Amino acid sequence: MSTLADFSQTSPTMNEKIPMDDLDDWTRSDSVDDLVNPVLETSEWALKINPDGVKAAAQHIHARMRAESYTPHTWRTHPLHLCPPDPYDPTDSRTRATLDWLFLVSSLNFSFWSELEGRPDRYAVAWRAGWDPDAPRAIYTGYWSLVAAIDRALDEGIPITDPAFYADPVRCPDALITHVFRPAPRSAESIPLLHQRIAIMRQNGLILCAVSD
């Protein structure tokens with residue numbers, strides 16, 4: 001049986017191409033351009049963007065940001081967020097680590113609705129209240145459950161934010177991703193749409209590795 005140590009070995013670099021044959025059938029393609037995103041394929045007839053609505057939403061968000069004095073530095077105030085060096089330094093390894101972290105979190109930041117909403121046994125993740133090893137234990141739901149799960153995996157030595165790692169089902173099998181998003185002991189359900197999240201990770205990782213080659 002594989003252990004976490006087996007999964008946490010140094011993963012391929014972004015410049016190391018992953019063999020197409022190692023990927024799931026739905027992601028196999030001769031080129032990235034051939035990959036089909038089913039959301040984009042159906043959105044033309046399913047959705048119609050309202051320019052006035054987009055403008056109104058942007059104005060509302062901007063007004064709220066000004067009223068609440070939100071700035072990019074506000075991001076650093078939450079202990080679960082991975083932060084780049086300040087001032088910015090493109091050569092610092094933390095800069096790349098933060099970009100990889102942001103991309104994965106953004107890719108998976110959807111659909112946290114639960115039929116157990118408002119109940120203590122809804123999907124949640126147990127970790128610490130921040131990166132400080134001495135921080136107390138905490139339980140997270142919704143968006144923060146995603147962040148806590150990814151942070152917990154990194155803390156366990158699993159390079160889950162490395163695109164070359166999560167694109168490869170051999171080095172990062174579905175079972176490991178399921179382990180990364182394992183629920184807190186009190187939860188009676190798993191993270192919503194787990195299989196869809198895994199599929200997104202595979203495809204996004206493949207594309208990132210291909211375009212950086």
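This is a predicted model: local features need pLDDT of at least 70, side-chain atom pairs count only at pLDDT 80 or more; totals for chains, interfaces and linings use all residues.
**Overall make-up**

The chain contains eight helices and two strands, and its elements, followed from the N terminus, run in the order α-α-α-α-β-β-α-α-α-α. Of its 213 residues, 38% count as buried, while the accessible surface of the chain comes to about 13,000 Å², with 57% of that area belonging to carbon and sulfur atoms. When contacts between residues at least 6 apart in sequence are considered, 67% of them join residues that are at least 24 apart.

**Helix H4 and its two partners**

Two packed helices are described by the angle between their axes and the distance between the axes. Helix H4, which covers residues 93-108, packs with H8, the axes coming within 10 Å and crossing at roughly 140°. That angle makes H4 oblique to H8, and H4 passes H8 in a right-handed crossing. On the H4 side the residues that meet H8 are Phe 103, Leu 104, Ser 107 and Leu 108, and their counterparts in H8 are Arg 197, Ile 200, Met 201, Asn 204 and Leu 208. Sorted by class, this contact of H4 with H8 has six nonpolar, two polar and one charged residues.

Helix H4 also packs with H5, at an angle of about 140° and with the axes 10 Å apart. That makes H4 oblique to H5, and H4 passes H5 in a right-handed crossing. Here Trp 101, Leu 104, Val 105 and Leu 108 of H4 meet Tyr 143, Leu 146, Val 147, Ile 150, Asp 151 and Leu 154 of H5. By class, the contact of H4 with H5 has nine nonpolar, no polar and one charged residues.

**Two residues within helices**

Where in the chain does Gly 205 lie? Gly 205 belongs to helix H8, which spans residues 194-211, and with a relative accessible area of 0% it is buried, because the cut-off for that class is under 20%. Leaving aside neighbours within four places in sequence, Gly 205 is in contact with Pro 163, Tyr 166 and Ala 167. Gly 205 and Asp 168, which are 37 residues apart in sequence, have their C-alpha atoms 8.1 Å apart in space.

Asp 155 is found in helix H5, residues 143-155, and its relative accessibility of 39% places it in the partly exposed class. Apart from neighbours within four places in sequence, Asp 155 is in contact with Trp 127 and Arg 128. The C-alpha atoms of Asp 155 and Trp 127 are separated by 9.9 Å, although the two residues are 28 apart along the chain.

**Backbone geometry in the loops**

Most residues other than glycine have a negative phi, and most peptide bonds are trans. The peptide bond from Asp 86 to Pro 87 is cis, with omega near 10°, and Pro 87 lies in the loop between helix H3, residues 51-67, and H4.

Ser 111, although not a glycine, has a positive phi of about 50°. This serine lies in the loop between H4 and strand E1, residues 125-128. Leu 193 likewise is not a glycine and has a positive phi, in this case of about 55°. Its place is in the loop between helix H7, residues 174-180, and H8.

What relative accessibility does Leu 193 have? The value for Leu 193 is 37%, so that Leu 193 counts as partly exposed. Ser 111, with a relative accessible area of 21%, is partly exposed.

| Residue | Relative accessible area | Class |
|---|---|---|
| Gly 205 | 0% | buried |
| Asp 155 | 39% | partly exposed |
| Ser 111 | 21% | partly exposed |
| Leu 193 | 37% | partly exposed |

Key
Residues are numbered from 1 along each chain as its sequence is written. Side-chain values use heavy atoms; hydrogens and water are left out. Helices (H or I, at least four residues) and strands (E, at least two) are DSSP runs, numbered from the N terminus. Buried means under 20% relative accessible area, exposed over 50%, partly exposed in between (1.4 Å probe, protein chains only). Contact means heavy atoms within 4.5 Å. Axes are lines fitted to C-alpha atoms, for helices over the stretch in contact, and angles run from 0 to 180 degrees between N-to-C directions. Angles under 35 degrees count as roughly parallel, over 145 as roughly antiparallel, 65 to 115 as roughly perpendicular and the rest as oblique. A crossing is left-handed if the near helix is turned anticlockwise from the far one by less than a right angle, and right-handed if clockwise. Ala, Val, Leu, Ile, Met, Phe, Trp, Tyr, Cys and Pro count as nonpolar, Asp, Glu, Lys and Arg as charged, and the others, Gly among them, as polar. Accessible areas come from the Shrake-Rupley method with a 1.4 Å probe; for residues, only the protein chains shown count as cover.
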